[in-house]
Amino acid sequence: MTTDQEFAGMSKPSTWHPIDPPRPLNTWERQMIDLLLSQPKACMDEVPGSAMVRRQLHSARVDEACSCCLSIGIVVDHAPANQMPGGPSGFYTDLGGDDVDGMSMWAILFTKDGYLVELEVQRADGTPFRLEPDPRLFYDGMSENS
Ligand SMILES: [Zn+2]
């Protein structure tokens, strides 16, 4: 699993490249993050801390991206009022699904010091997505690790 290697701030694979100047989140990225914060798999309205993360999104910019998948590095304004309680770093929340060809895929959010830093979206076989997967595909085939 490449999750740890791709965690923001750690040594990232050479497939990551900076985006300068940072760009706004695109529509699909916003939909994916919103889905992750809504946690349909757990039938929860919100995951803990998501109200702060939603406020962070107002200032979110994409400053890195991976060429082998749809993962992005995210920067947000460090406003203490929007920091997640306890300032957690690392894995935040995830969803699993099946891509259009049946390959398993996942989406994961990572935080650093209570701020959003990365959206990871990968296929289990490491091959590139042909299209940005429909967020609705993540409602099915959910991961079982949480
Ligand atoms: Zn990648």
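Biologist: How do strand β5 and strand β6 pair, and over how many bridges?

Modeller: This is a predicted model, to be clear. In it, β5 (residues 104-112) and β6 (residues 115-123) are antiparallel partners, with 8 bridges between them. W106 is bridged to Q122 in β6, and M105 sits opposite R123.

Biologist: What about the hairpin of β5 and β6, how many residues are between the strands?

Modeller: There are 2 residues between them, and D113 takes a positive phi near 55°.

Biologist: OK, zooming out. What's the strand order in the open sheet?

Modeller: The sheet has 6 strands, ordered β1-β2-β3-β6-β5-β4, with antiparallel pairing. The edges are β1 (16-24) and β4, each of which pairs on one side only. On average, neighbouring strands are turned by 15° against each other, ignoring direction.

Biologist: And why is β5 called largely enclosed?

Modeller: Because 7 of its 9 residues are buried, β5 is largely enclosed by the rest of the structure.

Biologist: Switching to D98. Which strand is it in?

Modeller: D98 belongs to β4, residues 90-98. Its bridge partner in β5 is S104. β4 and β5 run antiparallel, joined by 8 bridges, and they form a hairpin with 5 residues between them, where G102 in the turn has a positive phi of about 95°.

Biologist: Why does D98 count as partly exposed?

Modeller: Because D98 has 16 C-beta neighbours inside 10 Å, and buried would take 20 or more while exposed means 12 or fewer.

Biologist: How far apart are the C-alpha atoms of D98 and P133?

Modeller: They're separated by 9.1 Å, with the two residues 35 apart along the chain.

Terms used
Residues are numbered from 1 along each chain as its sequence is written. This is a predicted model: local features need pLDDT of at least 70, side-chain atom pairs count only at pLDDT 80 or more; totals for chains, interfaces and linings use all residues. Helices (H or I, at least four residues) and strands (E, at least two) are DSSP runs, numbered from the N terminus. Two strands pair if DSSP finds at least two bridges between them. Axes are lines fitted to C-alpha atoms, for helices over the stretch in contact, and angles run from 0 to 180 degrees between N-to-C directions.
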